[in-house]
Amino acid sequence: MPVEIDIAHVAKLARLDLSPDEMEGYRSQLSVILDHAARVQSLEGEPEPDVTHPLGMVNAFRADEIKSSLDRDEVLAASPESRDGYFVVPPALES
Amino acid sequence: MTWEPVIGIEVHVELATDSKMFCGCAVSFGAEPNTNVCPTCLGLPGALPVPNSAALDAIIAIGLALNCTVSPKSVFHRKNYFYADLPKNYQISQFDVPVCVDGYLDIPTDYGSHRVGIERAHMEEDTGKSTHLGGGGRIDSAQSTLLDFNRSGVPLVEVVSRPEIHSAAQARAYAQGLREIVAELGVSDARLEEGSLRFDANISIRQVGDEVLGTKVEIKNMNSFRSLELAVAYEIDRQIQQVESGGVVIQETRHWDEEAAVTISMRTKEGSSDYRYFAEPDLTPMEMSEQWINRVRETLPELPDARRARYEEAGVEPVLAAVLSSAEPPIRHLFDAAVAVGATPRAAANWLTGEVTAWSRRTETDLDDLNLSGSTLTKLLSLVESNTVSPSAAKEVLDGVLRGEGDPLVVAEARDLLQISDAGPIESAIDETIAANPDAFESLKAGEEKVLGFLVGQVMRATSGKADPKLVNELLRSRAGI
Amino acid sequence: MATLSIVGAARAMRDGTLTASTLLRSVLQKASETEAQVHAYLNIDRTGAEEAAAQADADFADGIDRGPLQGIPVAIKDNMVTRGLETTAASQILAGYVPPYDATVVTRLREAGAVLVGKTNLDEFAMGSSTENSAYGTSYNPWDITRVPGGSSGGSAAAVSVGSALVGLGSDTGGSIRQPASLCGVVGMKPTYGTVSRYGLIAFASSLDQIGPLTKTVEDSALTLSVLWGHDPLDATSFRGDYPDPTAGLGRGVDGLRIGVVRELQGEGYEPDVESSVAQMVDKLSEAGAEVVEQSLPSFDIALSAYYLIAPAEASANLARFDGIRYGHRAPGDTTESMMSRSRAEGFGPEVTRRILLGTYALSAGYYDAFYGQAQRVRSAIRADFARAYADVDVLVSPTSPTVAFEAGARTQDPLAMYLSDICTIPCNLSGDPAISVPLGLDRNGLPIGFQVMAPALGEPIMYQVAAVVEQLAGFDASPELAMVAS
């Protein structure tokens, strides 16, 4: 089946600001890869999709206990911008 | 045309566990920004989530309280969307196999109890908090945004109702009912002002009798029961006006503006809500065994519904049973204690929800600090029942007891409130009353029974409420010859 | 000394004929001789390593023995976080990032007295089969420096190959330990999913990623695994149960074992030298007493397709956190969204961008069932095929890679050709089973060929048992001869 890709929509979902040329390049590469990947549809039978742990692990929980948190100065030091104990980002919407 | 509003409500309940959903950071409200954070809740490279078992216990408890089926198997999913306060840019949530499904909550309405179906209750993690700087804190005029991740990863239970709510008042009653339950279970602080319960409402309208649902609008940002009720009412009116003026309702998300008391379109861009759910590969499936569910069930406190039924069975009339069952815990505990030592349930309920509660309000005394035990209350009630004190004098006795003046009988004696059951003093009070109200007495003699109550009241007044009203009644009747 | 095995070095340190500090010096010397050509490391932590070596020596002197890795120089793939030591996953988006915590494997190594030499190169976020996708320059194959070392753990494979570390840690999502081990002529092993903690491994595809060792010998591999694995409460997918002794089967031979040759992993696309080498080894195993049968696992034909949906889908979510807010590269922007989108577009290289787009697409509304959902069904079919095969045989064998090391640049313009490098290794990632690559020898051009031994979940002892026999029968003990350059 021919694979249709709305690459601008996908790039937006993935928060990747790509130029039109870049998008076209990725679109054509993706269509080759997806063409190959579409072979998964040739699988015979309909087994249940597998999302189980290979060793059958279930119910991995922790007890409700408080562990020490990170040092704030160390955390904020890795950030591109911080102020008064907060991380800072540009506004959510254009003003 | 008659319109029927169709409303579904999503409630996010923040759990009051000690540590967060997937890491050991403390859950605490009001801490210094970014002090309760670790690699996991900050989404640092390489960090992994491990679920908090107490949060799972809590959602099972909520599910049981809401009459849900607890799924034998459940899995976490990733819900993918980018937002500055969501550190991993996906939220660990649940999709097609939530922990709890198919429950209901009965809510009181003017027409009796109304059952609202619960579609599901699922487990997820909270986001961090954004503060928009500049432009007066409004999101659409901010210059920059400050991020605090202390709340990131706090466990949330999302309870999704079926679209079976049909008025703003019902919406409010549903939310209040849910709050009552989570407070009772002790799984949440249930403080709306701290955001421990948050409401979203999906609202549509249709003509009465239509099967098909109308276009729904999601309303966000209601932070109190009042704003939920106002927002829902506003949105119902808006949609009706829209349609009746020839327009259509657009599927969108709207924001409740508390100050302006209107809902505002949120300008969400189309196609931005493809969440690309897939099973969270960092976590294993969950299996809720019968033993686990039963272990949680055994820890459940008595819930409002069951309590109401129990009060009614004990002989408390339905309205009073409902009032008592949503009364503060100390009042309910006093009720149970008094009934246990022989108090008449109906009288105990009446006194506790009435005079005792009123007294604590009047004197600004915390209910937990009341100088009253179940047996003391029972003694007071039996003084009334044995006609040792009159009901009105009993209020005085209660005041004395609550002020620490001693046992009911001691107070009644000290305050000279014991009922007069001797005919002598009552006869003289009757003489005085007849002398002061000759016309009324003549009417009584003529057979006008309606003045009897008035005259009894006058006699009671003359005896400072201490006379046995029954005896007064009898004596007056015999004097009048009726 | 730098060509010593762990076992040899450990013995010498306990005999008192070698100190950890001397061993480290020789390893660092090797690095300084080879790095200019091989570029195995992104970052060598000389100071930290010297301190750790001194501590190991002090411990030896005090009679403290922390096990087989005490004093052993180890290279860590740079997608495992190290407290206080820059960790980039070979991505521009993490340039300069210093983690505030250690990955669990790093903690385990430190507690075992190992000497962490530094962080090795990889394909950005472990996405690739050649290390050419590193934002900090490609690594080269020590056997021919015009060729790639394989990937994505190419840096660790090259380091072990030249002796600039005695052990390298790698991560394997679709073959990223075994394929570079094969191309560099060393032993590379991917453990059973869930046995080595992923806490602190910068995730590529969480349901497939496993950390494992690259070593000179099979015994070294088993000893290293015994230190690395074990339950970790910080990783919810970590196995809670009894871990077998990886060395239990060493020296037991293959007499009486049933070995299955995978029919689907041969034929078209496999280099003749690779095929003949593998066939010869199969014959030798048979001569050594194993019963060899052919096994067909038909779903392997579509394993690669399933992998290139599942892995990118998970990656698209795992890499969403790189948004320029809390760490890493930030581009300017008027809004949060434009800042994020520009930071990500600038910070990720082309292969990572491609896979994020691919995975986002495979999960998106309207395509999920046909792509991601169907890929998960294929995964079930693969597990079922393995289960059928292991009902009949003890282990399965195949080439590790259809080809030997290829020329740098040969596949960079053709993503699909690059993806085909992993065709033999991917099935075990999808099933979660363990597998190992053991060098067989060199092809006609002097390039290493690897032999893969696969075993059922927690079958590490029997996998090592067979691998040790393969190693012995191959008798491969050559080392790459690099033209010395002035350092």
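The questions and answers below concern a predicted model.

Q: Why is D433(C) called buried?
A: A residue is buried if 20 or more other C-beta atoms lie within 10 Å of its own. D433(C) has 26 C-beta neighbours inside 10 Å, and therefore counts as buried. The residue is placed in the loop between α14 (426–431) and β10 (435–442) of chain C.

Q: Which residues does D433(C) touch, leaving aside residues up to four places away in sequence?
A: The contacts of D433(C) are T192(C), F386(C), C428(C), M454(C), A455(C), P456(C) and A457(C). As for G249(C), 184 residues apart from D433(C) along the chain, the two C-alpha atoms are separated by 18 Å.

Q: Is D102(B) buried, partly exposed or exposed, and how do you know?
A: A buried residue needs 20 or more other C-beta atoms within 10 Å, an exposed one has 12 or fewer, and partly exposed lies in between. D102(B) has 15 C-beta neighbours inside 10 Å, so the residue counts as partly exposed. D102(B) belongs to strand β6 (residues 100–109) of chain B.

Q: What makes the phi of D102(B) worth a remark?
A: Most residues other than glycine have a negative phi. D102(B) is not a glycine, and yet its phi is positive, at about 55°.

Q: What is to be said of phi in F125(C), and is this residue buried or exposed?
A: F125(C) is a residue other than glycine with a positive phi, near 50°.

Q: How do you know that the peptide bond joining G151(C) and S152(C) is cis?
A: The omega of this bond is about 10°, and the bond is cis. Most peptide bonds are trans. S152(C) lies in the loop between β3 (115–120) and α5 (154–162) of chain C.

Q: Why are α7(C) and α15(C) called roughly antiparallel?
A: Helix α7 (residues 218–228) and helix α15 (residues 460–474) of chain C pack at an angle of about 160°. Angles over 145 degrees count as roughly antiparallel, so α7(C) is roughly antiparallel to α15(C). The axes of the two helices are 9 Å apart.

Q: Which residues make the contact of α7(C) with α15(C)?
A: From α7(C) come V218(C), E219(C), A222(C) and L225(C), and from α15(C) come E460(C), Y464(C), A467(C), A468(C) and E471(C). By class, this contact has six nonpolar, no polar and three charged residues.

Q: Why are the buried residues of α6(B) said to line one face of the helix?
A: In helix α6 (residues 318–325) of chain B, the buried residues are A321(B), L324(B) and S325(B). Viewed down the axis of α6(B), they fall within an arc of 95°, so they line one face. Among what covers them are α5 (304–313), α7 (329–340) and α8 (345–362) of chain B.

Q: What makes β5 and β15 of chain B edge strands?
A: The open sheet of three strands runs in the order β5-β4-β15 in chain B, with antiparallel pairing. β5 (90–93) and β15 (278–279) each have a single partner strand, so one side of each is left without a neighbour in the sheet.

Q: How do you know that β4(B) and β5(B) pair?
A: Two strands pair if at least two bridges are found between them. β4(B) and β5(B) have four bridges, in the antiparallel sense. In one of these, N80(B) has Y90(B) as its bridge partner.

Q: Which strands form the open sheet of four strands, and why do two of them stand at the edges?
A: The order is β1(A)-β2(A)-β9(B)-β8(B), with antiparallel pairing. β1 (82–83) of chain A and β8 (129–133) of chain B each have a single partner strand, so one side of each lacks a neighbour in the sheet. β8(B) and β9(B) pair over five bridges, and T131(B) stands opposite L146(B) of β9(B).

How values were computed
Residues numbered from 1 in each chain as written. Chains lettered and ligands numbered in written order. Predicted model: local features only at pLDDT ≥ 70, side-chain atom pairs only at ≥ 80, totals over all residues. Axes fitted to C-alpha atoms, helices over the stretch in contact; angles between N-to-C directions. Parallel < 35°, antiparallel > 145°, perpendicular 65-115°, else oblique. Contact = placed C-beta atoms within 7 Å. Nonpolar A, V, L, I, M, F, W, Y, C, P; charged D, E, K, R; others polar. Arc of directions from axis to C-beta.
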